[in-house]
Every structure is written in C-alpha cells, then in structure tokens.
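Please look over the sequence and the model below before reading on. The text then goes through selected features one at a time.

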Amino acid sequence: METEELDPRVKKGYLNEDFRFFHLTDKRGMEFEFHYHDFNKIIIFLTGAVIYRIEGKVYRLRPWDILFISRGQLHQAVVSPDETYERIVIWVNSKFLAEHNTDCDLLNCFRQSAETGNNLRRFGGDDLDSLKPTIFLLEKAVKDTGYGAKLLQNSLFLQLMVYLNRLSLGYRLEASVKDIEYDERIGSILEYINRNLDMELSVDQLSASFFISRYYLMHKFKEQTGYTVHQYILKKRLIKAAQLIKKGAQITDACVSCGFGDYSNFVRAFRKEFGLSPRNYYKVFQNSE
C-alpha cells in the first residue's frame with residue numbers, strides 16, 4: 001500500500017496559478033544547478049554578468065535580453081559574484097494561455113524557440129520600447145489587491161504575451177548569434193536523443209551513429225549539458241513519462257514509451273526524481289485540476 005503524502009508541490013515545482021511574476025535582485029555570488037520546470041518560463045535579464053546554459057547552448061546575456069525556456073528544458077544560470085544579478089522571471093501556465101488562444105497561438109514563442117534551438121531574443125529600439133511599459137505595468141499590477149486586481153493582472157499578462165509573440169515571429173537570429181556558443185555535433189546528438197527516447201540509447205551507439213570517439217562524446221557532452229550521457233537520457237525519459245502520466249496515460253504504457261525496459265527500475269527512478277511514485281504523481285495532478 002502506498003502511503004506517501006500527496007503534496008502538489010512536487011520536487012521540480014508545479015504552477016497552479018495562471019502565471020507568477022518575480023523581480024529578483026541578488027548582490028552575492030550564487031550557484032545554480034542544472035534544473036527544469038513543469039511549466040514554461042520567461043527570463044528578462046536586467047543587470048549583472050551572467051551566462052545561461054540551456055540544452056547544450058551557452059548564452060552570454062546583455063541587459064534586456066529575453067530567454068524563453070520551455071517546460072522540461074534543462075538549464076542553468078552561471079553568475080559572476082562581482083556584479084549584482086537582476087532579472088524578471090515569469091512562470092507561464094500553458095493551460096491558461098491555451099484558453100485564450102482565439103485568433104493566435106500565445107505559446108508560439110516557446111514552440112518557436114524549441115524548434116529553432118534558440119532560446120534567446122534580443123530586441124532593441126522601438127521593439128523594446130513597446131515591451132517595457134507593459135512589463136512595468138504588470139509588475140505594479142501583481143502587487144495590487146484592489147478592485148479587479150486579478151482581471152487587471154491577467155489582461156496585462158496576456159497583452160505582454162501578444163507583444164512577445166509578435167516580436168518573436170519576425171525575429172532574426174543575427175541579432176544575438178555572436179553571444180551563443182554551440183557545438184553542432186552535440187546539438188545533433190541532443191536532438192536525436194529527444195526524438196528517440198523510446199529507443200535503445202547508449203554512449204557506444206551514439207558514438208558509432210555520429211562517427212565521433214567515445215571519449216570525445218562523453219567529455220564534450222558533460223561540458224555542454226552538465227550531465228553525463230546516461231544521466232541526460234534518464235532525466236529526459238522521466239520528464240517525458242511524467243508528462244504522459246499527467247495526461248492520463250497508463251503507467252505501464254508510459255514506462256515502455258519512454259524506453260524503460262524494466263518496470264521496477266522505472267518506478268524506482270521516477271520516485272527518486274519526483275518524490276512520488278508514478279501512481280501518486282498522477283493523483284496529485286488529477287486533484288489539482
């Protein structure tokens with residue numbers, strides 16, 4: 001019998017609200033581990049000396065750079081202790097945005113970033129001037145508790161998402177490409193892994209398929225992603241399994257679909273990653289609807 005507590009704040013975080021807005025300032029050195037979220041995230045970088053690692057790419061940020069990080073994407077901020085790190089972080093509930101997709105897709109900016117493999121948007125001039133007032137108004141609104149506060153907050157958030165999507169549709173990579181470091185071979189391997197999580201994947205198989213040495217693959221992969229090949233594959237399989245289970249897939253089907261050959265090993269790894277068994281994980285998210 002399973003007795004673990006059904007706490008909706010599972011290990012990697014879950015967003016119950018329509019969105020959350022944070023304006024954060026840190027004046028000391030900080031160390032962040034590679035991590036992921038079950039929701040989409042927007043980071044608006046303001047000040048500091050920071051690089052961001054996202055799925056094998058390194059982004060050297062400048063003031064007012066914007067990062068779109070999709071749920072399940074592994075990322076890490078590397079922060080210099082010599083400068084104040086200031087940023088705006090917005091957690092985005094995909095379900096809320098989907099409910100407001102009337103004549104447009106407000107999640108397109110995240111999909112576009114994932115499909116192109118470029119999480120960074122660097123807007124300037126009139127484009128940035130059109131964004132700033134809405135960002136500042138939204139920041140003020142999230143602190144408001146007066147009449148119609150929630151409606152005002154949501155309307156400003158939706159307005160910001162419309163602007164961000166408009167600008168992303170016409171975005172040209174050339175504006176930021178020199179501040180992106182990327183190993184194309186590792187990028188191709190990451191893409192292959194994420195497309196084939198149900199298949200047998202190993203260092204030897206990937207090394208042979210991509211015609212690179214086993215040593216180079218292991219060394220460069222860890223350098224680019226923060227994980228060993230095995231750790232990355234396992235984490236991505238668990239993330240995909242969790243998403244399938246949330247959608248109502250049978251646990252055994254999720255196990256097979258994500259490349260786990262042994263059910264007991266899957267349950268053990270799932271519990272270690274999320275703090276809950278697959279069955280109780282499903283119950284948590286059914287109860288939160």
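The model is predicted. Its aromatic pairs number 16. A pair of aromatic rings is described by two quantities, the distance of the centres and the angle of the planes. For phenylalanine 19 and phenylalanine 157, the ring centres are 4.3 Å apart and the planes meet at 15 degrees, so this pair is stacked. Phenylalanine 19 belongs to strand S1 (residues 19-26) and phenylalanine 157 to helix H4 (residues 149-169), so the pair ties together parts that are 138 residues apart in sequence. Both phenylalanine 19 and phenylalanine 157 are buried.

Phenylalanine 274 and tyrosine 281 make another pair, with ring centres 5.1 Å apart and planes at 55 degrees, so this one is tilted. Phenylalanine 274 and tyrosine 281 are both buried. They also belong to one aromatic cluster, together with Phe260, Tyr263, Phe266 and Phe270.

With 1% relative accessibility, leucine 160 counts as buried. Leaving aside residues up to four places away in sequence, leucine 160 touches Ile90, Leu131, Thr134, Ile135 and Leu138. Glycine 187 is 27 residues from leucine 160 along the chain, and the C-alpha atoms of the two are separated by 31 Å.

Next comes helix H2. Which residues of H2 (residues 108-116) are buried? They are Cys109, Phe110, Gln112 and Ser113. Seen down the axis of H2, these buried residues fall within an arc of 165 degrees, so they line one face of the helix. In an α-helix there are 3.6 residues a turn, so residues three or four places apart point the same way. The cover over the buried residues of H2 includes H4 and several strands, among them S2 (40-47), S5 (66-69), S7 (85-92) and S8 (120-121). Just after H2, glycine 117 takes a positive phi of about 70 degrees.

Now the cysteines. The structure holds 0 disulfides. Cysteine 104 is in no disulfide, and the nearest cysteine sulfur, which belongs to cysteine 109, is 11 Å away. Cysteine 104 counts as partly exposed, at 34% relative accessibility. For cysteine 258, the closest cysteine sulfur is that of cysteine 255, and the 8.2 Å between the two sulfurs is too far for a bond. Cysteine 258 has 0% relative accessibility and therefore counts as buried.

Finally, the backbone. Most residues other than glycine have a negative phi. Glutamate 55 has a positive phi, near 45 degrees, and is not a glycine. Glutamate 55 is placed in the loop between strand S3 (50-54) and strand S4 (57-60). Is glutamate 55 buried or exposed? At 16% relative accessibility, glutamate 55 counts as buried. Tryptophan 64 is another residue other than glycine with a positive phi, in this case near 75 degrees. The loop that holds tryptophan 64 runs between S4 and S5. Tryptophan 64 counts as buried, at 15% relative accessibility.

Definitions and conventions
Residues numbered from 1 in each chain as written. Predicted model: local features only at pLDDT ≥ 70, side-chain atom pairs only at ≥ 80, totals over all residues. Heavy atoms only, no water. Phe/Tyr/Trp six-rings, centres within 6.5 Å; stacked < 30°, edge-to-face > 60°. Helix = DSSP H or I, 4+ residues; strand = E, 2+ residues; numbered from the N terminus. Buried < 20%, exposed > 50% of the residue type's maximum accessible area, 1.4 Å probe, protein only. Arc of directions from axis to C-beta. Contact = heavy atoms within 4.5 Å. Disulfide = S-S within 2.5 Å.
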